[in-house]
Amino acid sequence: MKKMIMGAALAVMMSTAAHAGETVGVSMALFDDNFLTVLRNGMQDYAKTLEGVTLQVEDAQNDVAKQQSQIQNFIAAGVNAIIVNPVDTDATAAMSKLAADAGIPLVYVNREPSNIDSLPEKQAFVASNEVESGTLETQEVCKLLGGKGKAVVMMGELSNQAARMRTKDVHDVLATDACKGIEIVEEQTANWSRTQGADLVTNWLSAGLEFDAVIANNDEMAIGAIQALKAAGRSMDSVVIGGVDATQDALAAMAEGDLDVTVFQNAAGQGKGSLDAALKLARGEAVDKKVYIPFELVTPANLKDYQAKN
């Protein structure tokens, strides 16, 4: 019996030692982004609750070459796993190969890699299903317009799969019988940026473009649209504004009656989920290739309930 107890204790000690001193390299596309900041903070806050886990977090500054260099540096440093929020989702195959060749687990977070269906062993993707985001947003905009009107679409960075998917969602919803009375009169990118969003809408208004709704791929561009419309003296009651992410600034805009719909994408949850997946892969545990965290529609009608539970 004594030998059995000692053996069990030794096994526990060996397991603990195997999990001790784990370092995860994290390359974020851009620190200066509200949503990605929430994601990064969620990941770092969660890491603080895990004994022996250290994060090495780097800012790729929207530079693909810089991000690839960061991954190479993580590999050279011998990290236990790597988490990547890709600058360009079309550049992920090369990143996957680097990590696979080095035998280091890699987890993509938030932005779906172009090689999602051919990820090597010990690689995964953690995010929310973008089919839900643009669909929920546009269905609500359609409902508020009564299925008729003119809309402008503000796209994120076209190098990002999320921007392409959310824009496709918009077109798919507006092609349905209930919403086909809504015409897209303009569609351009504002690169996820509040400032660029404001500039784009200002240009549209200056050109005399008329529209009843703004369907933005994210909240930052939607807020930029609101700023431009207000500056032009447009009543916010005369236009429907939609975004995605449910950032704090977006919720404040909704409480003020300016934003009509957003879709909660759990940034902190994605950060936590990506770290969980990276650590499991580093420890030889099985992880699904795709781990999805659900979206949630947020409107003025359910805003207080949403805030109470979040």
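## Starting at Met165

Met165 lies in helix 6, where helices (H or I, at least four residues) and strands (E, at least two) are DSSP runs, numbered from the N terminus. With a relative accessible area of 16%, Met165 is buried; buried means under 20% relative accessible area, exposed over 50%, and partly exposed in between (1.4 Å probe, protein chains only). Leaving aside its neighbours within four places in sequence, Met165 is in contact with Glu130 and Val131, contact meaning heavy atoms within 4.5 Å. Asp33 is 132 residues away along the chain, and its C-alpha atom is separated from that of Met165 by 20 Å.

This is a predicted model, in which local features need pLDDT of at least 70 and side-chain atom pairs count only at pLDDT 80 or more, while totals for chains, interfaces and linings use all residues. Residues are numbered from 1 along each chain as its sequence is written, and side-chain values use heavy atoms, with hydrogens and water left out.

## The whole protein

Stepping back, the protein has 11 helices and 12 strands. Its C-alpha atoms fill a box of roughly 80 × 40 × 35 Å, taken along the principal axes. Of the 310 residues, 50% are buried. Among contacts between residues at least 6 apart in sequence, 73% join residues at least 24 apart.

## Two helices to look at

Helix 3 (residues 64-77) has 14 residues, which at 1.5 Å a residue should span 20 Å; its end C-alpha atoms are 20 Å apart, which agrees. The expected span is 1.5 Å times one less than the number of residues. Gln67, Gln70, Ile71 and Phe74 are the buried residues here. They cover an arc of only 100° around the axis, so they sit on the same side of helix 3; the arc is that of the directions from the helix axis to the C-beta atoms. An α-helix has 3.6 residues a turn, so residues three or four places apart point the same way. The buried residues of helix 3 pack against strand 1, strand 2, strand 3 and helix 4 (92-102), while the face turned away from the buried side carries the exposed residues Ala65 and Ala76.

Helix 10 has 16 residues and should span 22 Å at 1.5 Å a residue; its end C-alpha atoms are 23 Å apart, which agrees. Its buried residues include Ala267, Gly269, Leu275 and Leu281. Among the elements covering the buried residues of helix 10 are helix 2, strand 4 (106-109) and strand 5 (123-127). Just after helix 10, Gly284 takes a positive phi of about 80°.

## Pocket and cavity

Rolling a probe the size of a water molecule over the atoms shows where empty space is left. On a 1 Å grid over the protein atoms alone, a cavity is a set of points where a 1.4 Å probe fits but cannot get out, and a pocket is an open set with protein on both sides within 12 Å along at least five of seven lines; lining residues have an atom within 4 Å of a point. Grid points are joined across faces, edges and corners, and a volume is the space filled by probe spheres set on the points.

The largest pocket has a volume of about 350 Å³. Of the 17 residues that line the largest pocket, Val38, Ala246, Thr247, Gln248 and Phe264 lie nearest its centre. The largest cavity holds about 160 Å³ of space. Its lining has 16 residues, with Phe35, Asn110, Arg111, Trp192 and Asp245 nearest the centre. Helix 2 gives the most to the lining of the largest cavity, with three residues.
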